Amino acid sequence: MRMNYEEKATMKVLMTGNEAIARGAWEAGVIVCAAYPGTPSTEIIENAATYKEMYSEWSPNEKVALEVGLGAAIGGGRTLVAMKHVGVNVAADPLFTLSYTGINAGLVLISADDPGMHSSQDEQDNRHYGRAAKIPILEPSDSQECLDFVRVALELSEEYDTPVMLRMTTRVSHSQSLVNLGERREIPLGPYIKNPGKYVMLPGHGRLRHPIVEERLHKLAEYAETSQLNRIEGKGKQGIITNGITYQYVREVFGKDVSLLKLGMTYPLPRGLITDFIQSVDTCYVIEELDPFIEDHIRAWGFSPHGKDVFPAIGELLPETIAACVPHLTQETSAPVSAAADPASSKTNRETSDDAPVLPGRPPVLCPGCPHRAVFYVLNRLKLTVSGDIGCYTLGALAPLNAMDTTICMGASIGAALGMEKARGKDFARNLVAVIGDSTFVHSGITALIDVVYNRGTTTTLILDNSTTGMTGHQENPTTGFTVGGEVTVQIDLPLLAKAVGVKRIVEVDPFDLDHFTEVLKTELAVEEPSVIIVRRPCVLVRPVSGRSKVASQPPVSVDADLCTGCAQCLRIGCPCLVKIEPETGSKIRKVSVDASQCTGCGLCVSLCRPQAIVRKDG
Amino acid sequence: MTMNNGQLPEPQSILIVGVGGQGTIFASRILAGVAVREAYDVKVSETHGMAQRGGSVVTQVRFGSEVASPIIALGQADIILGFEKLETLRWLPYAKDDGIILYNTQTINPMPVITGAANYPSDAGSRIQARFPQAVPVDALSLAQKCGTAKAVNVVLLGLLSRFLSLDEGVWLDILRETVPQRLLEANLAAFQAGREA
């Protein structure tokens with residue numbers, strides 16, 4: 001069905017959902033964008049920063065991002081704020097009260113949820129936030145809708161004087177589909193008029209605002225009844241109510257033989273529209289990823305659609321899962337999906353037949369050359385209790401490093417270490433460290449460090465300063481000295497910051513100097529006062545920015561097979577470049593070889609090799 | 001082996017699997033770029049974040065007159081393009097019964113194998129061939145190295161893939177020229193041809 005070349009002239013552009021969100025903001029006249037990086041939301045601001053008409057920033061955390069956003073919106077400029085689902089936990093404080101004050105110019109909050117936990121510590125369903133904060137929620141299903149819904153969200157925001165949540169999921173954020181591009185429409189800055197009754201939330205003012213919020217919800221529910229965001233497609237005896245990416249899966253699985261109510265606005269819900277739809281079909285299914293959000297509303301209205309009695313509330317609702325849950329529905333249509341698919345096995349065991357041996361998994365690992373590898377090797381050797389945090393270094397928890405005891409949320413490491421010390425005593429704290437990355441420390445570690453000092457703790461804190469925000473794809477942060485746009489800015493002085501909050505023992509070390517690093521660690525653990533060890537070595541993948549020195553690449557190392565004894569000491573660092581090879585004829589010793597295609601020549605294994613079999617190629 | 005006779009059903013679903021860092025996302029973007037230039041409806045789904053750190057990664061490309069889901073359901077891939085042997089084996093159940101399997105014979109040991117907790121399935125290749133006798137193995141790493149850069153493994157594999165899709169060769173080359181940095185272009189164009197002739 002190829003189109004001819006004339007039609008190609010109006011070719012559309014392929015974009016991820018995140019790129020389309022940034023484009024939509026630009027077209028809708030947004031002037032301020034703020035975010036903290038977090039998968040799957042990160043690329044929104046990275047793309048926004050490429051449009052020079054918009055100011056974009058990496059904020060130190062999501063709460064600050066939303067506060068910058070609300071200031072911009074109250075100040076009269078259209079605003080976009082973006083974060084991953086758990087980021088909204090951090091930003092929840094301003095969000096709930098912003099709902100009371102309302103905005104001046106439009107504000108859209110992008111919440112990028114992560115069903116399936118591709119890169120997250122939980123799979124919370126942030127639609128509950130929209131409901132709890134009493135603000136509308138829009139859920140796009142592809143990149144075109146991402147672009148369009150940003151504009152609609154800003155218009156709704158202004159018309160109803162409310163922040164609007166645009167809820168993405170990983171598959172919407174990271175899928176590419178075709179988008180029609182438009183031009184930017186400049187929106188003049190709204191007038192700024194001082195209005196304490198609206199924007200100063202003293203109890204007396206808040207009490208006057210709350211009824212306005214409730215009335216706003218009623219009006220939004222009326223809007224939802226006729227909004228083009230919600231639409232009915234197809235015609236059949238079976239009815240399906242769905243939203244977000246699940247809409248695309250439902251279309252794929254069931255084709256056009258079912259009645260489909262696609263909800264682009266999932267809060268507040270259009271009760272009349274949904275009631276009519278349910279009454280127009282024989283059986284109704286609510287197919288939504290994660291929690292029964294739409295379903296619970298419908299049940300509260302007295303209907304009993306199928307929902308979480310059939311479809312799992314855990315993980316992604318992939319096409320094969322949907323098909324397997326309702327095989328009778330699938331068979332009635334011309335859908336091409338195999339109904340034999342077993343959702344329980346789809347992620348964990350992809351082997352070809354039941355009796356085939358289980359394949360070794362491939363968990364993520366620290367990259368070749370990663371500075372964190374040395375840190376966790378030493379922590380493992382010293383058998384320390386490690387209070388961990390969120391970042392690439394969380395991978396230090398995995399074999400063979402196995403050097404992390406807890407990881408809960410951004411910034412938890414230092415407070416958790418203090419809590420362990422208060423519960424188990426100072427002797428326990430002598431074998432306990434908090435480990436946190438540079439960006440995470442600025443995000444929400446600094447307040448806990450203040451707590452350590454203030455409440456007379458003895459916590460030893462390791463700040464792993466690799467000069468970037470690694471896991472999310474190498475974003476700038478206040479410790480790197482560069483902005484999202486690559487401009488040079490003031491670089492936080494971490495030792496000075498630790499000193500300013502009252503830490504007296506501050507040491508800077510290179511983790512690849514294993515002996516010195518170990519010595520420093522032992523010394524600081526022994527003393528009964530707070531210590532901060534700043535472990536400095538840049539990420540090997542740090543982004544080249546003008547003005548920043550690149551990490552010098554070194555030739556890969558190699559193994560002198562005559563010297564290798566097969567002791568496997570080097571394998572304890574968990575480097576993906578070091579592999580055991582088959583023994584030579586007549587020998588049982590499995591020696592080690594280096595995968596030169598991956599090796600960055602960091603040399604960590606060289607310093608560990610007792611027989612000195614691992615050598616630098618340049619001698 | 002080529003099916004360049006317009007008999008493939010629409011939409012086409014191509015699953016690209018490999019190890020984080022092998023360039024699967026770049027490959028999917030080239031393929032998607034070609035399909036867009038050929039005026040198809042196109043959807044792509046990528047893996048970002050933690051899985052990119054050396055984990056098992058999968059990228060999905062679907063194109064046709066109209067595409068709904070960006071995700072390929074179990075048993076519905078027309079083609080699996082495998083960048084690594086174990087990953088190819090792992091994702092085989094996503095192929096249609098008559099699916100086309102194209103895979104790089106390179107092996108990259110996952111961490112459980114490096115630590116000794118598991119063994120790399122030494123019979124991975126034969127298990128792939130047993131399930132899909134028509135599967136096409138290719139030593140993409142050697143071919144890429146011959147073309148001047150080991151990093152062009154992904155473009156070798158795209159060259160191989162291009163033989164099985166009714167997308168114009170000239171458009172493939174156009175998109176490569178527009179996407180690959182100038183200093184790497186010659187090696188990558190050679191890699192594409194090497195894959196196409198493999």
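## Overall size and fold

Chain A has 619 residues, and a compact globule of that length would have a radius of gyration near 25 Å; the value for chain A is 27 Å, which agrees. The model described here is a predicted one. Along the principal axes, the C-alpha atoms of chain A fill a box of roughly 75 × 65 × 55 Å.

The secondary structure of chain A comprises 23 helices and 22 strands. Among the contacts in chain A with a separation of 6 or more, 74% are made by residues 24 or more positions apart.

## Surface and charge

Of the 619 residues of chain A, 57% count as buried.

Chain A carries 59 positive and 72 negative side chains. The centres of these two sets of charges lie 4 Å apart.

## Aromatic pairs

A pair of aromatic rings is described by the distance of the centres and the angle of the planes. Over all chains, the count comes to 8 aromatic pairs. Two of them are described below.

## The pair A:Trp26 and A:Tyr51

The ring centres of A:Trp26 and A:Tyr51 are 5.2 Å apart, and their planes meet at 25°. Planes under 30 degrees apart count as stacked, and therefore this pair is stacked. A:Trp26 belongs to helix α2 (residues 17-27) of chain A, whereas A:Tyr51 lies in the loop between α3 (43-48) and β3 (55-58) of chain A, so the pair ties together parts that are 25 residues apart in sequence.

Residues under 20% relative accessible area are classed as buried. A:Trp26, at 10% relative accessibility, therefore counts as buried. A:Tyr51 also counts as buried, because its relative accessibility is 14%.

## The pair A:Phe96 and A:Tyr129

In the pair formed by A:Phe96 and A:Tyr129, the ring centres lie 6.2 Å apart and the planes are at 80°. An angle over 60 degrees counts as edge-to-face, so this pair is edge-to-face. A:Phe96 lies in helix α5 (residues 85-101) of chain A and A:Tyr129 in helix α6 (residues 127-133) of chain A; the pair therefore ties together parts that are 33 residues apart in sequence.

A:Phe96 has a relative accessible area of 31% and is partly exposed, because this class covers values between under 20% (buried) and over 50% (exposed). A:Tyr129, by contrast, counts as buried at 18% relative accessibility.

Definitions and conventions:
Residues numbered from 1 in each chain as written. Chains lettered and ligands numbered in written order. Predicted model: local features only at pLDDT ≥ 70, side-chain atom pairs only at ≥ 80, totals over all residues. Heavy atoms only, no water. Helix = DSSP H or I, 4+ residues; strand = E, 2+ residues; numbered from the N terminus. Rg over C-alpha atoms; globule rule 2.2 N^0.38 Å. Buried < 20%, exposed > 50% of the residue type's maximum accessible area, 1.4 Å probe, protein only. Contact = heavy atoms within 4.5 Å. Lys, Arg positive; Asp, Glu negative; His and termini not counted. Charge placed at Lys NZ, Arg CZ, Asp CG, Glu CD. Phe/Tyr/Trp six-rings, centres within 6.5 Å; stacked < 30°, edge-to-face > 60°.
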